[in-house]
Amino acid sequence: MRRLFLTVLVFIGVVACKTNPFTGKSTLNFYPNSQIFPTAFAQYDQFLGENKVITGTKDAQMITAVGQRIASAAERWLNANGHPGYLKDYQWEYNLVQDDAVNAWCMPGGKIVFYTGILPIAQSETGIAVVMGHEVAHALADHGAQRMSAGMLQQLGAVAGNVAIKDPETRNTFNQAYGIGSSVGVMLPFSRSHETEADRIGLQIMAIAGYNPDEAANLWRRMKANSGGQAPPEFLSTHPSNDTRINNLMAWAPEAKKEAAKFGVTSFK
């Protein structure tokens, strides 16, 4: 039985790879768009039905306009780099929701929500573009499907361990150690890597869309100030620390400008 589970894990790891067009790296993903997108779209619609969606205001219109501009830039990049049709199953949608939380998120397939609480931190259209680029990047890189895939493997590992270990006391020790170890040692770093990847991809596509990538580090300085230093240690968090993000974004901004120049974009908002 133990050998069977190990065989299943290896098989999934081999057949479930998908290449990230922005990085050229293979990613763990065994949820096709045809399976995950309809579910995400239904959940998104349910969320909108249960929350107050802001429409018709200047802020709501800006969220949509920036989102469309960022998605268009992503499509330009994909087409220019040999990935036409990559977005054919995506259904981009951008909504502003009344909520004081300083947050925004994106579901697989391009369904994005901005909370009103993040607008004072964004401060401007360019600030919104920083956040939007990051969220669009999550959708482009299939991060939602990757997290689900990793979660399934984590569960399979737990099942394999419980099947292999016969002694109840040893099994209990294993479960405790596996829960902490797989979370802190694997799942949290996996999540942080996605956030870092989304920061870098988002910076490029916002620059191609004509927004100044230098503003990204400034936005995270404001996020840091708003948090008041209340954040868990980076190794216990799903996200990189504010300082890590600021340093990364400052280092990557010149690269983003060079990428934008390939598309004729040399001046920014």
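The structure is a predicted model, in which local features need pLDDT of at least 70 and side-chain atom pairs count only at pLDDT 80 or more, while totals for chains, interfaces and linings use all residues. Residues are numbered from 1 along each chain as its sequence is written, and side-chain values use heavy atoms, with hydrogens and water left out.

**Helix 8 and helix 9**

- Helices (H or I, at least four residues) and strands (E, at least two) are DSSP runs numbered from the N terminus.
- The axes of helix 8 (residues 214-227) and helix 9 (residues 242-261) come within 7 Å and cross at roughly 170°, where axes are lines fitted to C-alpha atoms, for helices over the stretch in contact, and angles run from 0 to 180 degrees between N-to-C directions.
- Helix 8 and helix 9 are therefore roughly antiparallel to each other, a term that applies to angles over 145 degrees.
- Contact (heavy atoms within 4.5 Å) involves, among others, Trp 220, Arg 221 and Met 223 in helix 8, and Ile 246, Leu 249 and Met 250 in helix 9.
- By class, this contact of helix 8 with helix 9 has eight nonpolar, two polar and six charged residues, with Ala, Val, Leu, Ile, Met, Phe, Trp, Tyr, Cys and Pro counted as nonpolar, Asp, Glu, Lys and Arg as charged, and the others, Gly among them, as polar.

**Aromatic pairs**

- The structure holds seven aromatic pairs, meaning rings of Phe, Tyr and Trp (its six-membered ring) whose centres lie within 6.5 Å, with planes over 60 degrees apart counted as edge-to-face.
- Tyr 44 and Trp 105 form an edge-to-face pair at 6.1 Å centre to centre, with 85° between the planes, and this pair links Tyr 44 in helix 2 (residues 33-50) to Trp 105 in strand 5 (residues 104-107), 61 residues apart.
- Phe 47 and Trp 105 are also edge-to-face, at 4.9 Å centre to centre and 80° between the planes; Phe 47 lies in helix 2 and Trp 105 in strand 5, so the pair ties together parts that are 58 residues apart in sequence.
- Both Tyr 44 and Trp 105 are buried, as is Phe 47, buried meaning under 20% relative accessible area (1.4 Å probe, protein chains only).
- One aromatic cluster is formed by Phe 37, Phe 41, Tyr 86, Tyr 90 and Trp 92.

**Charges over rings**

- A charge sits over a ring if NZ of Lys or CZ of Arg is within 6 Å of the ring centre and within 35 degrees of the ring normal.
- The charged end of Lys 111 sits over the ring of Phe 41, 4.8 Å from its centre, and Arg 69 lies over the face of Tyr 211, at 4.9 Å from the ring centre.

**Ala 65**

- Ala 65 lies in helix 3 (residues 58-80), and at 41% relative accessibility Ala 65 counts as partly exposed, the class between under 20% and over 50%.
- Ala 65 and Tyr 94 are 29 residues apart in sequence and 8.9 Å apart in space, C-alpha to C-alpha.

Technical notes:
Angles under 35 degrees count as roughly parallel, over 145 as roughly antiparallel, 65 to 115 as roughly perpendicular and the rest as oblique. Rings of Phe, Tyr and Trp (its six-membered ring) pair if their centres lie within 6.5 Å; planes under 30 degrees apart count as stacked, over 60 as edge-to-face and the rest as tilted.
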